[in-house]
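User: I would like to learn how to read contacts that involve aromatic rings. Could you take me through them slowly?

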Amino acid sequence: RFEIHHPHRIPFLGEGQQLAMGWRLLYQVDAVDSLVEAIESIANRIKNNLGGTIVGEYVGNVDVYYRKDKADTKSRGVGAAAPAIARKMCRVAFSDPKDSEYFVLEETDVVETSHDFGKILDNSHSAIQKRHTFRVQGLAYRVSDFVVRFGALSAPGFNKNSAVLEIEYEACAVSELASPIINEFAICLIGPLYSGHQNKKKVARVRRVAVRYEDLKLSKKDLYSQRHRAAQYAQLTVSTNEDTKTSAGGSGTIR
């Protein structure tokens, strides 16, 4: 089983205290050849190497919308035509919690709403239009003080072999303290990923999803919340879509 040996480990939780959720980091896993092989490789490490046990399903959904905003006309003169500017908005929902959704407004804010608001948005004929949907589906595992959520990433027209890895450290909800420990755990889990065959080959490349929380009225100094989580998944769709657009010949691009 995985254990952290830290000579100056901080007692993040007092006796009888319990956090609503620990700080989490998000990683994108891109399979070199077979996504099935990459998923099996990481799942085997979680269960066999780290002693993880399955605790439930893991589902995340991100709808990407574009809305038309009028441009600033101050610098264009009186009566000048103001072209519409396309701004992105992500609607994020998770299997936990099931009763809320989160709207990540580009470089503005993260807003929590009920599912009813999303239904109204879908049925309205406004300047906001849904462009595409990303979905993550897999399993959640418990490894000591960590919860590892891992699943395949899919979207219509998206043919890149990718998965999403979310690692939560339940004992701490502060980024400055939790992130180094999560990274230490991540190295054990997603160090060089090679096949178990005699002629070993790399099966996946992994990278961390970086978020500028200050652009969304959030901070790394805040206790981790579902708003931070929604921001991470919204950023994941941005980096994933940019990668697909730059692929050879433009194949698999989501437009």
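User: Which residue has its charged end over the ring of Phe 94?

Analyst: Please keep in mind that this is a predicted model. The charged end of Arg 229 sits over the ring of Phe 94, at 3.9 Å from the ring's centre.

User: How is a pair of aromatic rings described?

Analyst: The distance of the centres and the angle of the planes describe such a pair. In this model the count comes to 5 aromatic pairs. In one of them, the rings of Trp 23 and Tyr 224 have centres 5.0 Å apart and planes at 70°, and because planes over 60 degrees apart count this way, the pair is edge-to-face.

User: Which parts does the pair of Trp 23 and Tyr 224 tie together?

Analyst: Trp 23 belongs to strand 1 (residues 23-31), whereas Tyr 224 lies in the loop between strand 9 (204-208) and helix 4 (226-245), so the pair joins parts that are 201 residues apart in sequence. Trp 23 is buried, with a relative accessible area of 1%, and Tyr 224 also counts as buried, at 5%. Ring pairs link Trp 23 and Tyr 224 with Tyr 213 into a cluster.

User: What is the arrangement of the rings of Phe 94 and Tyr 233?

Analyst: Their centres are 5.0 Å apart and their planes lie at 75°, so this pair is edge-to-face. Phe 94 is in strand 3 (residues 84-94) and Tyr 233 in helix 4, so the pair ties together parts 139 residues apart in sequence.

User: Are Phe 94 and Tyr 233 buried or exposed?

Analyst: Phe 94 is buried, with a relative accessible area of 7%, and Tyr 233 is buried at 1%.

Key:
Residues are numbered from 1 along each chain as its sequence is written. This is a predicted model: local features need pLDDT of at least 70, side-chain atom pairs count only at pLDDT 80 or more; totals for chains, interfaces and linings use all residues. Side-chain values use heavy atoms; hydrogens and water are left out. Rings of Phe, Tyr and Trp (its six-membered ring) pair if their centres lie within 6.5 Å; planes under 30 degrees apart count as stacked, over 60 as edge-to-face and the rest as tilted. Helices (H or I, at least four residues) and strands (E, at least two) are DSSP runs, numbered from the N terminus. Buried means under 20% relative accessible area, exposed over 50%, partly exposed in between (1.4 Å probe, protein chains only). A charge sits over a ring if NZ of Lys or CZ of Arg is within 6 Å of the ring centre and within 35 degrees of the ring normal.
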